[in-house]
Amino acid sequence: MKCPFCQHDDTQVLDTRVSEEGDAIRRRRRCVACDKRFTTYERIELSMPFIVKKNGSRTEYESSKLRGSLMLALRKRPVAAEAIDRAVASIEEKLLTSGRREVDTGHVGELVMQELKRLDKIAYIRFASVYKNFEDLAEFQEAIAEVGQPRK
């Protein structure tokens, strides 16, 4: 495993544990060259469905795009990085367990909105305003009213 700091090829495993969810192996490592420590995770690699865009084109799923969308909506909001990681993992799990080979962007957007509604109401409104292409104040008010209603 290469060190992410100095790119040295030799690292030492200090600690190995199963993650809280039981779906990954967490390894605490130390670089023998620069002595910095970092964590790695080993997970099963499954093939994600292709994403079908609005124009009909198909593209490979990219976790970084999903994370980027969440990060943009959650920018300057008090949400822990671990919570964002769990949200990404939850969305990816739903995509994997759907058993579908292709998923349209609308479905992915709805999954993102579910997670944002759970994580942070303001981030949910931010994302929804762009995703649903709000054009007037009434649409914002409807979304705010929806978020303000108590859960069933």
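Reader: Where is the place of G56?

Author: Helices (H or I, at least four residues) and strands (E, at least two) are DSSP runs, numbered from the N terminus. G56 lies in the loop between β4 (50-52) and β5. The model is a predicted one, in which local features need pLDDT of at least 70 and side-chain atom pairs count only at pLDDT 80 or more, while totals for chains, interfaces and linings use all residues. Residues are numbered from 1 along each chain as its sequence is written, and side-chain values use heavy atoms, with hydrogens and water left out.

Reader: How does G56 count in terms of relative accessibility?

Author: Buried means under 20% relative accessible area, exposed means over 50%, and partly exposed lies in between (1.4 Å probe, protein chains only). At 34%, G56 counts as partly exposed. As for distance, the C-alpha atoms of G56 and V147 are separated by 31 Å, and these two residues stand 91 residues apart along the chain.

Reader: At what angle do the axes of helix α1 and helix α2 cross?

Author: Axes are lines fitted to C-alpha atoms, for helices over the stretch in contact, and angles run from 0 to 180 degrees between N-to-C directions. Here α1 (residues 63-73) and α2 (residues 81-97) have axes that come within 10 Å and cross at roughly 130 degrees. Angles under 35 degrees count as roughly parallel, over 145 as roughly antiparallel, 65 to 115 as roughly perpendicular and the rest as oblique. The helices α1 and α2 are therefore oblique to each other.

Reader: In which hand does α1 pass α2, left-handed or right-handed?

Author: A crossing is left-handed if the near helix is turned anticlockwise from the far one by less than a right angle, and right-handed if clockwise. The crossing of α1 with α2 is right-handed.

Reader: Which residues of α1 and α2 meet?

Author: Contact means heavy atoms within 4.5 Å. From α1, S63, L66, R67, L70 and M71 take part; they meet I84, D85, A87, V88, I91 and E92 of α2. Ala, Val, Leu, Ile, Met, Phe, Trp, Tyr, Cys and Pro count as nonpolar, Asp, Glu, Lys and Arg as charged, and the others, Gly among them, as polar. The residues of this contact divide into 7 nonpolar, 1 polar and 3 charged.

Reader: How do α2 and α3 pack?

Author: Their angle is about 145 degrees, with the axes 10 Å apart, and α2 passes α3 in a right-handed crossing. Among the residues of α2 in this contact are A83, A87 and K94, and those of α3 include H107, E115 and R118. By class, the contact has 8 nonpolar, 3 polar and 3 charged residues.

Reader: How many salt bridges does the count come to?

Author: A salt bridge is a side-chain nitrogen of Lys or Arg within 4 Å of a carboxyl oxygen of Asp or Glu. The count comes to 9. One of them joins R58 and E102, with the closest N and O atoms 2.6 Å apart. R58 lies in strand β5 (residues 58-59) and E102 in strand β6 (residues 102-104), 44 residues apart. R58 is partly exposed at 48%, and E102 is partly exposed at 36%.

Reader: Which parts does the pair of E115 and K94 tie together?

Author: The side chains of E115 and K94 meet in a salt bridge (3.6 Å, N to O). E115 lies in helix α3 (residues 105-119) and K94 in helix α2, so the pair ties together parts that are 21 residues apart in sequence. Salt bridges that share partners join K94, E115 and R118 into one network. At 5% relative accessibility E115 counts as buried, whereas K94, at 33%, counts as partly exposed.
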